[in-house]
Amino acid sequence: MRSYKVDIEVFERMPVARAVLAQSIPAIVAQLIVLLYNWADTFFLARLNKPELVAAATIVLPLYLMLTAIGNLPGVGGGSQFANHLGKHDYTGAQRVASITFWMGMILALVCCLSFPLYSDMLLSLIGANERTLAPAQEYAFWVITIGGIPVIMNLVLANLVRAEGMALQASIGISAGGILNCLLDPLLMLPSMGNMGIVGAGIATAVSNMVSVLWLIVVIWRRRKTGVLTFAPQLLRYTRHYIQYMLTVVAVAALTHFVAQYNTEATAALGIVKRLDYLPLYFTIGLSQGILPLLAYNHSSGNVARRNHVFKCGCIISFGFAMLCFTVFEIWAYQLAMLFTQESLTVSYIVPFLRIQVVAMPFMAVCYPSITLFQAMERSREALICSILRKGVVDIPLLIVMNALWPLFGCMWVQPIVDFTSMLVAFYFASKIRASLVS
């Protein structure tokens, strides 16, 4: 019988706070480096003093986020199920989940990215592209979506599986290496004094960095093929019907961009810069949630409820503390942060109020995300799905219409704080119901 080598120290015996940090710090660092190269794209585009380029990248952003949502369909769900099977020492079941997760991700990636050129004009115009931004948005999207989209999706799929087997550091090294490479390539390809490729250079840098990350993760899995549980054997796909998970549809950013794009190019560019800044606590919380997901799922399946709850509380404290730090800094130094990206006065005049409104959502999001992760780990897919959809896609779109009518442009910025607060309250309600049912 084959002997599997699974590191259970972090899952079962390591002190909770140390285990949370061991799993979460690499994931958080990786997420922050991903954010850093998003900042780098925006920073160097802004240096070209062409607001339409920043606006074009902002218009493509929702489509890029859609790729991450597609990657999280098999990635987050599969990683959670994989860790659940490890907690039960069901290695055969874990292998089935790994194979299904990989091939589902590959099929989704091929379908979405190869079909994108057929609908690119329609999608970009729907989000808000106009005569000034459509051409650069098409150039950027070609490299980021059509060429680079498959690596984006598979990056998420593979990183979640590698992390779920207890190799958080190895998963994060791959993502971080790609991010650092992106930051190095941006000025080399984009700036007039160097490659002079403008927004095309930004797209190439992003595509190449994600390809490098995927290659690293494949090498990590290949080197552990004799002792690790991860496998992508196609014959295991016959078990797909037992493990299909749900997908989170990211439409809110696209809707917000569409509304803002109705005003002017500078407002769209400002939204792009604000979202990059706003992503600092979001990516931190996503990284932390990715890190604690295997710990939550493993201990839930193994029946160690006390350790599972301790992990969740520790994660919430860290996430909320960082969100409050960002909230304070962004409220006080909004103008200075805006000036780091651009000195164009009209764009800055939009960035400052946009940022001060958006950051109100940070503390609510910092609690909501770990709660959704807990529901996923406990196989409470209904509760996780409801909270996720409330955050993005159901409440915010009609609310955008109402708020934009009541307070043109700036009302749109208040939508995210409102929906995050609502989602947090619903998450608290579900958690109390689950706790009461377990007690009774």
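Predicted model: local features only at pLDDT ≥ 70, side-chain atom pairs only at ≥ 80, totals over all residues.
Visitor: How much of the chain is buried?
Guide: Of its 440 residues, 60% are buried.

Visitor: And the contacts, what share of those with a separation of 6 or more comes from residues 24 or more positions apart?
Guide: That share is 84% in this chain.

Visitor: Switching to the surface. What's the accessible area, and how much belongs to carbon and sulfur?
Guide: The accessible surface is about 17500 Å². Carbon and sulfur atoms hold 69% of that.

Visitor: Which residues form a nonpolar patch there?
Guide: Ile 401, Val 402, Leu 406 and Trp 407 do, and together they have about 430 Å² of accessible area.

Visitor: Where does Val 402 sit, then?
Guide: Val 402 is in helix 16, which covers residues 396-406.

Visitor: How exposed is Val 402?
Guide: Val 402 is partly exposed, at a relative accessible area of 44%. A patch member needs over 30%, so Val 402 at 44% clears that cut-off.

Visitor: New topic: helix 14. What's its span?
Guide: Helix 14 runs over residues 362-377, 16 residues in total. From first C-alpha to last it reaches 23 Å, close to the 22 Å expected at 1.5 Å a residue.

Visitor: Is helix 14 largely enclosed or open, and why?
Guide: Largely enclosed by the rest of the structure, because 14 of its 16 residues are buried.

Visitor: What happens just after helix 14?
Guide: Glu 379 takes a positive phi there, about 60°.

Note on methods:
Residues numbered from 1 in each chain as written. Heavy atoms only, no water. Buried < 20%, exposed > 50% of the residue type's maximum accessible area, 1.4 Å probe, protein only. Contact = heavy atoms within 4.5 Å. Areas by Shrake-Rupley, 256 points an atom, 1.4 Å probe, with all protein chains shown as cover. Patch = residues over 30% accessible without salt bridge, like charges linked within 9 Å, V, L, I, M, F, W, Y side chains within 5 Å. Salt bridge = Lys/Arg side-chain N within 4 Å of Asp/Glu carboxyl O. Helix = DSSP H or I, 4+ residues; strand = E, 2+ residues; numbered from the N terminus. Expected span 1.5 Å × (residues − 1).
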